[in-house]
Amino acid sequence: MANLQFDLVSPERRLAQLQATEVQIPGADGDMTAMADHAPTITTLRPGILTVVHGGGSDAYVVSGGFAEITATGVSVLAEQALPRDEVTQEVYDQMVEDAKTAYGRAQETFKNEPGPVDDAAKLLSDMVAIGGHIGLTAKN
Amino acid sequence: MPSLKDLKNRIETVKSTRKITKAMQMVAAAKLRRAQDAAEASRPYTERFNAVMGGLAASVGGSDSAPKLLSGTGSDQVQLLIVMTAERGLCGGFNGNIAKLAKAHAQKLLADGKTVKIITVGKKGRDAMKRDLGDHFVGHVDLTEVKRVGYADAQGIAKDILGRFDAEEFDVATIFFARFENVVTQHPTAQQIIPAKFEQEDDAEATLYDYEPSEEEILADLLPRGVATAIFSALLENAASEQGARMSAMDNATRNAGEMIDKLTIQYNRSRQAVITNELIEIISGAEAL
């Protein structure tokens with residue numbers, strides 16, 4: 001099976017650089033799986049789980065926003081914040097949910113009459129809670 | 001002519017000064033390595049980001065619907081200068097050089113009849129510019145408590161700036177920082193971040209991308225991030241430059257202190273010898289007189 005070059009970078013470090021067979025991306029408009037010879041696409045990410053399948057198995061990363069550039073030969077994911085799945089402990093996850101909640105609260109206050117930003121923040125929060133379901137952690141209420 | 005005791009004290013003082021500058025130099029060297037690593041780690045992100053943005057900007061930039069962050073407000077009357085310096089001194093000309101560049105830039109804009117607003121990041125730059133341009137300050141970001149600059153710090157600054165942009169407080173924003181070349185050289189640099197400018201790679205073959213969601217939406221989402229990214233990489237460059245500048249400044253100071261100790265020691269030994277000779281002459285002439 002043809003391989004594609006996978007890069008995962010966040011502003012603070014490079015998390016992964018390897019040959020992968022497929023990459024599952026939590027796109028803003030829905031999940032997608034990129035394999036070799038995918039049509040060139042640029043998509044924004046929603047917070048979610050990004051899975052890379054390669055020769056030696058698969059790796060999962062928790063990403064929160066950013067964007068991905070897909071070409072026929074490779075996938076570059078530029079995540080705002082990204083952590084290997086194993087590094088996301090209950091503690092880290094709680095913090096992430098907490099941040100999303102604060103952002104939601106702030107959006108509700110500042111944009112009382114504009115639904116846009118409030119909806120975005122609400123979606124961010126629900127995405128965060130959904131991540132917990134995927135990795136077996138629960139969000140505190 | 002200082003007495004022997006004075007000289008001895010002076011030598012002790014300079015010696016302890018040398019110890020301090022030596023320690024500072026070594027601390028700066030260790031911090032420099034960390035700062036350089038951080039700057040290097042952020043480079044892949046910045047490069048990819050700018051490449052994607054370059055392509056996007058080229059395809060959307062020309063149209064009327066282009067976001068203001070890219071196309072500008074159509075005016076350049078109100079200029080915002082973001083001057084990034086260190087929180088601490090004792091790093092040679094580092095803070096002074098950035099402040100000097102920003103000052104020259106501000107003076108030129110003022111001479112052209114523009115309105116200048118200044119946001120300072122880092123205490124030292126604020127102090128350096130207060131006297132001449134204190135009236136133009138509109139904000140200050142304090143990073144004293146921050147040990148290692150993270151992306152969150154850059155995001156905070158970017159949010160502040162974008163908020164001001166949305167409130168139409170300025171038309172053009174420029175950041176000032178020192179680009180790290182090597183330990184001895186750091187270049188004070190001015191970089192315009194709003195409206196955003198991306199370098200185009202002419203020879204790169206333009207790939208036609210599918211955009212999901214639409215091109216405009218992605219651009220609107222990414223441009224604010226571009227501001228944060230530019231600020232983040234400037235902060236990292238600055239951190240590395242500061243430590244580099246401090247390292248070479250402290251190296252010089254240590255060397256100067258060493259030279260001074262040698263000079264003082266010679267002076268001390270000569271005076272001591274003079275005292276001994278004097279005493280001998282007194283004894284001998286006393287013996288002869290008998």
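Four residues of domain 1 of chain B are in contact with four residues of domain 2 of chain B; contact means that the C-beta atoms of two residues, placed from the backbone, lie within 7 Å. By class, the domain 1 side of this contact has two nonpolar, one polar and one charged residues. Ala, Val, Leu, Ile, Met, Phe, Trp, Tyr, Cys and Pro count as nonpolar, Asp, Glu, Lys and Arg as charged, and the others, Gly among them, as polar. Domain 1 of chain B covers 4-21 + 250-289, and domain 2 covers 32-249. Such bounds come from an automatic or database domain assignment. The two centres, taken over C-alpha atoms, are 52 Å apart.

The model is predicted: local features need pLDDT of at least 70, side-chain atom pairs count only at pLDDT 80 or more, and totals for chains, interfaces and linings use all residues. Residues are numbered from 1 along each chain as its sequence is written, while chains are lettered from A and ligands numbered from 1 in the order in which they are written.

Chain A is divided into domain 1 (4-85) and domain 2 (88-135). Their centres, taken over C-alpha atoms, lie 22 Å apart. Eight residues from domain 1 of chain A and nine from domain 2 of chain A take part in the contact. The domain 1 side has four nonpolar, two polar and two charged residues.

In chain B, residues Y151(B), I157(B) and L162(B) are among those of α5(B) that meet α6(B). The partners in α6(B) include P224(B), F232(B) and L235(B). The residues of this contact divide into twelve nonpolar, one polar and one charged.

Terms used
Helices (H or I, at least four residues) and strands (E, at least two) are DSSP runs, numbered from the N terminus.
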